[in-house]
Amino acid sequence: MSSTGTIEEVVALVRRELAVRADAEKAAGMQAYMKTTMPFYGVQKAGRVQVIRLVRRQFTPATHTEYVALCRALWALPHREEKYLAQAVATTYREFLTPGSLPLYRRFIVEGAWWDFVDETATHMVRELVLDYPDRVWPKVDVWNTHPDMWLRRASIICQIGAKESTDVERLFRFCLDQADDTAFFIRKAIGWALREFAKTDPDSVAAFMTANREVWSPLTWREATKHIADRVAD
């Protein structure tokens, strides 16, 4: 770490600041909303932003190794907000958003195994890697699209959300089409979400793609994908 402290001190800071902001009533509600038995402090996003600002002000990883170690140390803690802050650290120190960090992000997806962890990782970490290092990262993410782990499949589908004109359209459409027969809710929803978001950039290509493959889409996928282009598709 930088001369201001150690990983152990960062962890202690995070736990202390979350405990100060804890709200048992909110914790119960957050746990119920996320449908998890994982404990919460009851610190919502605004409070977590305050904590990550304290972390950034006091600590800076000097190397990629320290960056990964700090993220892993926070991720290993038991509360969900601690894991959220592991992800916040991952995106805060943008100089370490490099291909060497992909194993860490994959860990967030596989171990997180729920939409909050997976979606944050895919759309704020993996997206940056496929945009900045396509030749090095896409071959690995390509494998995710047919992986037995549902959350890796979901991540591959949604990882270009927000890429807009930089979207690899051929991959987006291929990933969606290859998983169109998946019956899992989180895959069908992911396909619809990814296509709906890209339709904001190129509505005509999404409309043509949806119409050309009309017979393969589930009602959920069709509804989500065509939400804002209903006048352009043949239902």
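I began with H5, which has 13 residues and spans 18 Å from its first C-alpha to its last, close to the 18 Å expected at 1.5 Å a residue. I note here that the model is a predicted one.

I then looked up how covered H5 is. Twelve of its 13 residues are buried. The buried set is Arg-80, Glu-81, Glu-82, Lys-83, Tyr-84, Leu-85, Ala-86, Gln-87, Ala-88, Val-89, Ala-90 and Thr-91. For packing partners of these buried residues I listed helix H1 (7–20), helix H2 (24–34), helix H3 (45–58), H4, H6 and H7.

Next I took H6, residues 102–112, where Leu-102, Leu-104, Tyr-105, Phe-108, Ile-109 and Gly-112 are buried. These residues lie on the same side of H6, because they cover an arc of only 170 degrees around the axis. I recalled that an α-helix has 3.6 residues a turn, so residues three or four places apart point the same way. The buried residues of H6 pack against helix H4 (64–75), helix H5 (80–92), helix H7 (115–132), helix H8 (134–144) and helix H9 (150–158). After H6 comes Ala-113, and I recorded its phi as positive, near 45 degrees.

In helix H7 I picked Val-126. Its relative accessible area is 0%, so Val-126 is buried. Leaving aside neighbours within four places in sequence, I found Val-126 in contact with Leu-102, Tyr-105, Ile-109, Thr-121, Val-141, Trp-144 and Cys-159. I also checked Val-126 against Asp-142: the two are 16 residues apart in sequence and 12 Å apart in space, C-alpha to C-alpha.

The largest pocket holds about 570 Å³ of space. It is lined by 17 residues, and Lys-45, Arg-48, Tyr-84, Gln-87 and Glu-120 lie nearest its centre. H2, H3, H5 and H7 are the elements that give two or more residues to this lining. H5 gives the most, with five residues. Sorted by class, I have ten nonpolar, three polar and four charged residues in the lining of the largest pocket.

The second largest pocket holds about 150 Å³. I listed its lining as Tyr-33, Trp-115, Asp-119, Arg-154, Phe-185, Phe-186, Lys-189 and Trp-193. H7 and helix H11 (185–199) are the elements giving two or more residues to it. H11 gives the most to this lining, with four residues. By class, the lining of the second largest pocket has five nonpolar, no polar and three charged residues.

Notes
Residues numbered from 1 in each chain as written. Predicted model: local features only at pLDDT ≥ 70, side-chain atom pairs only at ≥ 80, totals over all residues. Heavy atoms only, no water. Buried < 20%, exposed > 50% of the residue type's maximum accessible area, 1.4 Å probe, protein only. Arc of directions from axis to C-beta. Contact = heavy atoms within 4.5 Å. Expected span 1.5 Å × (residues − 1). 1 Å grid on protein atoms, 1.4 Å probe; cavity = no way out; pocket = protein on both sides within 12 Å on 5 of 7 lines; lining within 4 Å. Points joined across faces, edges and corners; volume = space filled by probe spheres on them. Nonpolar A, V, L, I, M, F, W, Y, C, P; charged D, E, K, R; others polar.
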